[in-house]
Amino acid sequence: MDYHILVNKNNPLPRAHIPNDLIDVGSKYKEGIKLNTKVKESFDMLKEEALKKGYYIDIESGYRDYDYQEKIYNRLAAEKGFSYAITRIAEPGKSEHQTALALDFCIYRDEKCYIENEIEDFEETQWVHENAHKYGFILRYPEGKEDITKYSYEPWHLRYIGSLAEYLYNNNLTLEEYYQEKEKIS
Ligand SMILES: [Zn+2]
């Protein structure tokens, strides 16, 4: 498994890219969410650490296959038009969720679950952003890097990259910038 794989609008995955080593994450939010085993285990550690602070985080979206992405993309495009859909949802093959290395986390407060933009200003979210790298995760679409990632700020979307996360976090780099840097050196 290549934990550093770059998937974005210029680097799509083929339909046939189906990761092995998938495991059910046991999310309280929704049944049947799957991720790469190592990613699930790492998130569990992050979740445990968060619990010590009294923060309850969980997973609301994990692995999505090509066909599913195609379905939700086409549905939105049919409803709101192509130009709207393209800014909101990745086209099939261009979603990191197809790698099983990306997840969307949610936050529980008093049994109510908050997702996506709702969690933007939560202290739990800030804590996750400042600690996820210790467990191999980066905030994949940070604020202020929209021109580079080609995605709006997504405070809920984490990507597992293993020990490289520490380096990217400390140098305030996106995965795109990391690959650009690497190319310059070689
Ligand atoms: Zn996501």
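**Exercise 1.** Find out which residue of E4 stands opposite Asp 58, and how the two strands pair.

*Solution.* Keep in mind that this is a predicted model.
- Step 1: Start at Asp 58 and look across to E4, where Cys 106 stands opposite.
- Step 2: Now take in the whole strands, E3 (residues 56–61) and E4 (residues 102–109).
- Step 3: E3 and E4 are paired in the antiparallel sense, with five bridges.

**Exercise 2.** Work out which residues of helix H4 (residues 123–131) are buried, and what they pack against.

*Solution.* 
- Step 1: List the buried residues of H4: Glu 124, Thr 125 and Val 128.
- Step 2: These residues cover an arc of only 100° around the axis, so they lie on the same side of H4.
- Step 3: Turn to the face that points away from this buried side; Glu 123 and Glu 130 are exposed there.
- Step 4: Return to the buried residues of H4, which pack against E3 and E4. These are the two strands that you paired in Exercise 1.

**Exercise 3.** Find the residues that touch the most other members of the largest nonpolar core, and see which elements supply it.

*Solution.* 
- Step 1: This core has 30 residues, and those touching the most other members are Leu 103, Phe 105, Ala 132, Phe 137 and Leu 158.
- Step 2: At least two residues of the core come from each of helix H1 (37–52), E3, E4, strand E6 (137–139) and strand E7 (157–160).
- Step 3: E4 gives the most, with five residues.
- Step 4: Pick out Leu 103 and leave aside residues up to four places away in sequence; its contacts are Leu 35, Phe 43, Ile 59, Ser 61, Gly 62 and Leu 158.

**Exercise 4.** Step back and describe the chain as a whole: how many helices and strands does it have, and how does its radius of gyration compare with that of a compact globule?

*Solution.* 
- Step 1: Count seven helices and seven strands.
- Step 2: Along the sequence, they follow the pattern β-β-α-β-α-α-β-β-α-β-α-β-α-α.
- Step 3: For 186 residues, a compact globule would have a radius of gyration near 16 Å; the chain has 16 Å, so the two agree.

Technical notes. Residues are numbered from 1 along each chain as its sequence is written. This is a predicted model: local features need pLDDT of at least 70, side-chain atom pairs count only at pLDDT 80 or more; totals for chains, interfaces and linings use all residues. A residue is buried if 20 or more other C-beta atoms lie within 10 Å of its own, exposed if 12 or fewer, and partly exposed in between; C-beta atoms are placed from the backbone. Helices (H or I, at least four residues) and strands (E, at least two) are DSSP runs, numbered from the N terminus. Two strands pair if DSSP finds at least two bridges between them. The arc is that of the directions from the helix axis to the C-beta atoms. Two residues are in contact if their C-beta atoms, placed from the backbone, lie within 7 Å. A nonpolar core is a set of buried Ala, Val, Leu, Ile, Met, Phe, Trp, Tyr and Cys residues joined through C-beta atoms within 7 Å. The radius of gyration is taken over C-alpha atoms; the globule rule is 2.2 Å times the number of residues to the power 0.38.
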